[in-house]
Amino acid sequence: MGAKKQKLVLTALILLLVFALAGCTAPTTPPPGGYRAIAYVTLPASENWRWIGTDQEGRVEAAVDTRYVTHINFAFGMLQAYQFQPGQPGRPLQQGNVAAPEAYIDPTDGKPHYRATLTGWIEEMNSLVDGRAYLQALAALKQNAPQLKILLSIGGWDSDGFCYMAQTPEGRAEFIQSCIGLVQEYTLDGIDIDWEYPTNGGWGTIAHCNTCVQDARALLTEARAALDAEFGVGNQLLTIASGAYQPWVDSDTFAALDYINVMCYDYDAGSGGRQADMAFCKAGMAQHIEMVGDTPENRAKLNLGLPFYNEGGPYLVPYYKGWSGTVDASPAIIKDKMNWVKKESYGGAFYWAYSMDVFEQDVQNPNDPTIKILQRTLSETLNGPAA
């Protein structure tokens, strides 16, 4: 062994010893294409669900800064049935606070029908919302940012009909084909299924049945097959959002997904306390990786979820409004979490929601350094300064 080779070997041994003594692991290698920085961008339905852009005289434009995002999830498309409560257009029949099964029967043929749509009833807002122009505005961003991925997120807190739709192969097929139609119409890069809690017995407006988990797994595997058949294998993304303490995707179903967005927030929604502390995040990610198998490939398919808000119990307080209570959203917290994501070799992060950050419209000084501070901190910690 020559002197030069001996020196290289000795250097490597010293580095290994340093890492071992420090209890550290060697720096991780970013996944191909870099870490994901995924923004949920909402249609305008409240001051929390505000639109960043213009909406005047029927012309809608998006002002999303594509330097700091790799993916945009448009929230939300809705699961819609064909029969609704008389006198309340767009609102499904109710049993308590969830949609009744009979809401999903078409009176013309006596059969249930389901579709994904950009117009639907949002129970939280008590209103019917049309998202077509807003999704079109987001899709137009790709003209100047061709690397950007645009997905339609379907469901969310108002996903009351998923359990009924997914109970039968016919219902799943009809819903999946409607998703494919929207992908084609808006030239999207994929679908994000936000049936967030199939394991839960009915939160909010989310209906539930005993077969939800097995039906949800069937929905994903069938959606994967349909997307591949229509667009070619690997040409469309299929993703989900999953509750941090509610993992339900098994290893077989995981193969159908490109990644999972793990919602590591709303730990104790309504309490006004901590909703996304680091211990909760670590436990949620650990439960998901345990469910699907701890391999480098599987870790790279999990994204850590972050709130861009603090919770005043029971109300969300967007970061841009300022907050003096218990803090879950701050540049320092985001930086710590993103460094942990890299250390643990996860695939990236996502946040709810883009509109809750600070923008020019929120401050008097257009050069204020706090503008876009949360998304900028997330992006630069994961992938370095934007070009």
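1. Trp352 is in contact (heavy atoms within 4.5 Å) with Tyr40, Thr42, Trp49, Ala75, Phe76, Tyr265, Leu306, Pro307, Phe308 and Tyr309, leaving aside its neighbours within four places in sequence. This is a predicted model, in which local features need pLDDT of at least 70 and side-chain atom pairs count only at pLDDT 80 or more, while totals for chains, interfaces and linings use all residues. Residues are numbered from 1 along each chain as its sequence is written, and side-chain values use heavy atoms, with hydrogens and water left out.

2. Trp352 is also one of the residues with the most contacts inside the largest nonpolar core, together with Phe175 and Ile193. That core has 113 residues. A nonpolar core here is a set of buried Ala, Val, Leu, Ile, Met, Phe, Trp, Tyr and Cys residues joined through side-chain atoms within 4.5 Å. Buried means under 20% relative accessible area, exposed over 50%, and partly exposed in between (1.4 Å probe, protein chains only). In soluble globular proteins, nonpolar side chains tend to be buried together.

3. For the protein as a whole, 52% of the 387 residues count as buried. The secondary structure comes to ten helices and 17 strands; these are DSSP runs numbered from the N terminus, with helices being H or I of at least four residues and strands E of at least two. Of the contacts with a separation of 6 or more, 71% are between residues 24 or more positions apart.

4. The model has 15 salt bridges, counted where a side-chain nitrogen of Lys or Arg is within 4 Å of a carboxyl oxygen of Asp or Glu. One of them pairs Lys372 with Asp65, with the closest N and O atoms 3.0 Å apart. The two partners are 307 residues apart: Lys372 is in the loop between β17 (348-352) and α10 (373-383), and Asp65 in the loop between β3 (59-62) and β4 (71-81). Lys372 counts as buried because its relative accessibility is 12%, and Asp65, at 9%, is buried too.

5. Two further pairs are local. Asp228 and Arg224 form a salt bridge at 3.2 Å between the closest N and O atoms; both lie in helix α5 (residues 212-231), four residues apart, about one turn of the helix. Both are buried. Glu344 and Lys343 also meet in a salt bridge, at 3.2 Å from N to O, and Lys343 is partly exposed, at 48% relative accessibility. Elsewhere, salt bridges that share partners join Asp65, Arg67, Glu360 and Lys372 into one network.

6. The second largest pocket has a volume of about 310 Å³. Of its 17 lining residues, Arg67, Val69, Thr70, Gln147 and Asn383 are the closest to its centre. By class, the lining has seven nonpolar, eight polar and two charged residues. Ala, Val, Leu, Ile, Met, Phe, Trp, Tyr, Cys and Pro count as nonpolar, Asp, Glu, Lys and Arg as charged, and the others, Gly among them, as polar. On a 1 Å grid over the protein atoms alone, a pocket is an open set of points with protein on both sides within 12 Å along at least five of seven lines, a cavity is a set where a 1.4 Å probe fits but cannot get out, and lining residues have an atom within 4 Å of a point. Grid points are joined across faces, edges and corners, and a volume is the space filled by probe spheres set on the points.

7. Three cavities of 30 Å³ or more are found in the whole structure. At least two lining residues come from each of α4 (169-186), β11 (190-194) and α5.
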